[in-house]
Amino acid sequence: MIRMVAQRLLVGVFVMWGAASLIFLIVRAAPGDPATVLLGPDADRTQIEQLRESLGLDRSLGAQYVSYLGDVSRLDFGQSHRLGRPAMDAVLDRLPATIDLTLTATAVAVIVGLTLGMLAGGRPGGALDRVVSACTIALQSFPTFWIGIMLVLVFALGLGLLPSSGVGTPQHLVLPALTLAFPFIAIIARLTRTSVAETMREGYVQTARSKGLGERQVLLGHALRNSLIPVVTVVGVQVGALVGGAVIVENVFAWPGLGSLVVDAVANRDYAVVQGVTLLIAGIVVVLNLIADLLIAQLDPRIRTGAV
Amino acid sequence: MADIAAAPEQLVKAAPPRTRRRLLSRVPHLVVGLYLLVALAGPLLIDYDPVHTSLTDRLLAPGSETSTGATAWFGTDGLGRDVLAQIVYGARTSVLIGASTVAISCLVGVVLGAVAGYFRGGVDAVLARVFDILLAFPAILLAIVIAGAFERSVLLVVVALSATGWITFARVTRGVALTIRERPWVDAARVLGVPGRSILVRHVLPFTAGPIVALATLEFALVVLAEAGLSFLGIGLPASTVSWGQTISNGKEYLEGQWWISTLPGIALSFLIINVGILGDQLTARHRRGRTD
């Protein structure tokens, strides 16, 4: 177990190095001198030269890369000239809002997705199964931003039940979290359905039935645990997609998280913030994937002991 | 005797005619075909200019008459542009970007995946690490950063979406190549002295066709969704290029009162994605059936 953790950590460090290098590459390949972009078209030559020097842009690309890696490893992404403060501060300010949103969406997606999937998978081919599968296809196909707008149209403007954008009360969280959860409800429901349907054919489920247990006890007490393994895996793997979805959903609902920050930063060529957000998100994805791996090992003794 | 002879005939007759179900399963083909037709020939079908603004025709409800006497079946937006024309031209943008991105991703992914799966070794190891790094970013985030950093253009959006699009193609191709390389006919070719490249092209690659076609269909849906997402955020495409995401975004300010501007392009987009998705699932199922035979 310890060896596995150490190995995964090593891969994680490598991935973060690669991610940081990739972002460095994109930002440096972008047209336009960062100093000129920051100062605007009216700046004179000496001003630009001064800023270039203070940003380290007068040094060779290799030297810039080395000092960039050093800064990034200390979680220092430089000064955001547009916001007038360190990029990392701006990023950390916005992080809690994104965490609130993604955690709520994950909880909704797991609860609803698992329930739908178990209902459908308990009796494959039944009427309920067909209804659920039709719903999941639709949920997966709707563009998130459009679903968000439609929810605003119906629940905020039409019925006046919920606020259409912003933050403050728990009610503000309902529509964004629901919008973000929709595609993941579909993914989890589909996966749980297949997984439960397969598990129900296993020998130990037959044993449980032959002991005289009711269908509900068989499903919850025996089939559920094994069906959870692929679900945990997919939640781990989908963390990236979830954060990606949050980027779009935050922009629909003016939710003050990382997503609206990064789109704003990209539009204004505020590369310190772009680097901060992308690398923080990459770091979160890497850590959560690691946790998901460990959770799976905990759920499945065959993986824990290395039997598979 | 006659009874015995008649029995098999009855059995043959008893086979249920499944034409109805078959017909129903053709619906997605029809719908997707229709979208492709509109994307290709749309400008011939419709004589409105999608970017023609007309201040007298602002925010007309669906079905109302414009100042030129024509009917705006899907209404007009805040600048008096026809929503139906935007949907038709938006289909063009989506299909063009979707098809080009899938083509590039497919080419790059299949070549790299096949080489990695068949030859293993260094290429395989490097590819695995590249996957690890690229998968640390949400695909849409990487696309936002790439598309936001450079000069706006259709090509830029294609490149930004291909940056992560090729990964799935490479993974699937690698997986197929890994199993096919152990098959007897590949050994036979090797023993006969056929060079590795020819074995790969003639004896391994043909087996990737089924899964790749199914994957390309599903990937097309994802790319169209991602393109709409980028345009919705106002990133990547030039402002003059009409796209569904942009129209939906424009309609956001007019939700109170003028619901149609955001709603109708979204329905057009969702309907396409649903049908492409069902088509992709059908292709995947067919390929799975083929493999178990």
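Mentor: In this predicted model, A:Arg269 is partly exposed, because 17 other C-beta atoms lie within 10 Å, whereas a buried residue would need 20 or more. A:Arg269 sits in the loop between helix 12 and helix 13 (271–299) of chain A. The phi angle of A:Arg269 is near 55°, a positive value in a residue other than glycine. Most residues other than glycine have a negative phi.

A:Ala254 belongs to the loop between helix 11 and helix 12 (258–267) of chain A. A:Ala254 is partly exposed, since 13 other C-beta atoms are found within 10 Å, and a residue counts as exposed at 12 or fewer.

Helix 11 (residues 239–253) of chain A packs against helix 7 (residues 144–158) of chain A at an angle of about 35°, and their axes are 9 Å apart. The crossing of helix 7 of chain A with helix 11 of chain A is right-handed. On helix 7 of chain A, A:Thr144, A:Phe145, A:Gly148 and A:Ile149 make the contact, and on helix 11 of chain A the partners are A:Gly245, A:Ile248, A:Val249, A:Val252 and A:Phe253. By class, the residues of this contact comprise 6 nonpolar, 3 polar and no charged.

Another helix pair in chain A can be described in the same terms. Helix 5 (residues 87–122) of chain A and helix 10 (residues 215–237) of chain A cross at roughly 130°, and their axes come within 11 Å. These two helices of chain A, helix 5 and helix 10, are therefore oblique to each other. Their crossing, that of helix 5 of chain A and helix 10 of chain A, is right-handed. Helix 5 of chain A contributes A:Thr106, A:Val110, A:Leu114, A:Met118 and A:Gly122 to the contact, while helix 10 of chain A contributes A:Leu219, A:Val231 and A:Val235. Here the division is 6 nonpolar, 2 polar and no charged.

Leaving aside residues up to four places away in sequence, A:Ile188 touches A:Ala109, A:Val110, A:Gly113, A:Leu114, A:Gly117, A:Val231 and A:Val234. The largest nonpolar core holds 159 residues, and A:Ile188, A:Val262, A:Val277, B:Ala143 and B:Ile144 touch the most other members. Helix 4 (residues 83–119) of chain B supplies the largest share of this core, 17 residues.

The two chains also meet directly, in a contact that takes 39 residues from chain A and 36 residues from chain B. On the side of chain B that touches chain A, helix 12 of chain B gives the most, with 9 residues. That side of chain B divides into 25 nonpolar, 7 polar and 4 charged residues.

B:Arg81 lies in the loop between strand 2 (71–72) and helix 4 of chain B. B:Arg81 is buried, because 23 other C-beta atoms lie within 10 Å, whereas A:Arg269 is partly exposed. The C-alpha atoms of B:Arg81 and B:Arg58 are separated by 7.5 Å, although the two residues are 23 apart along the chain.

Definitions and conventions:
Residues are numbered from 1 along each chain as its sequence is written. Chains are lettered from A and ligands numbered from 1 in the order in which they are written. This is a predicted model: local features need pLDDT of at least 70, side-chain atom pairs count only at pLDDT 80 or more; totals for chains, interfaces and linings use all residues. Axes are lines fitted to C-alpha atoms, for helices over the stretch in contact, and angles run from 0 to 180 degrees between N-to-C directions. Helices (H or I, at least four residues) and strands (E, at least two) are DSSP runs, numbered from the N terminus. A crossing is left-handed if the near helix is turned anticlockwise from the far one by less than a right angle, and right-handed if clockwise. Two residues are in contact if their C-beta atoms, placed from the backbone, lie within 7 Å. Ala, Val, Leu, Ile, Met, Phe, Trp, Tyr, Cys and Pro count as nonpolar, Asp, Glu, Lys and Arg as charged, and the others, Gly among them, as polar. A nonpolar core is a set of buried Ala, Val, Leu, Ile, Met, Phe, Trp, Tyr and Cys residues joined through C-beta atoms within 7 Å. Angles under 35 degrees count as roughly parallel, over 145 as roughly antiparallel, 65 to 115 as roughly perpendicular and the rest as oblique.
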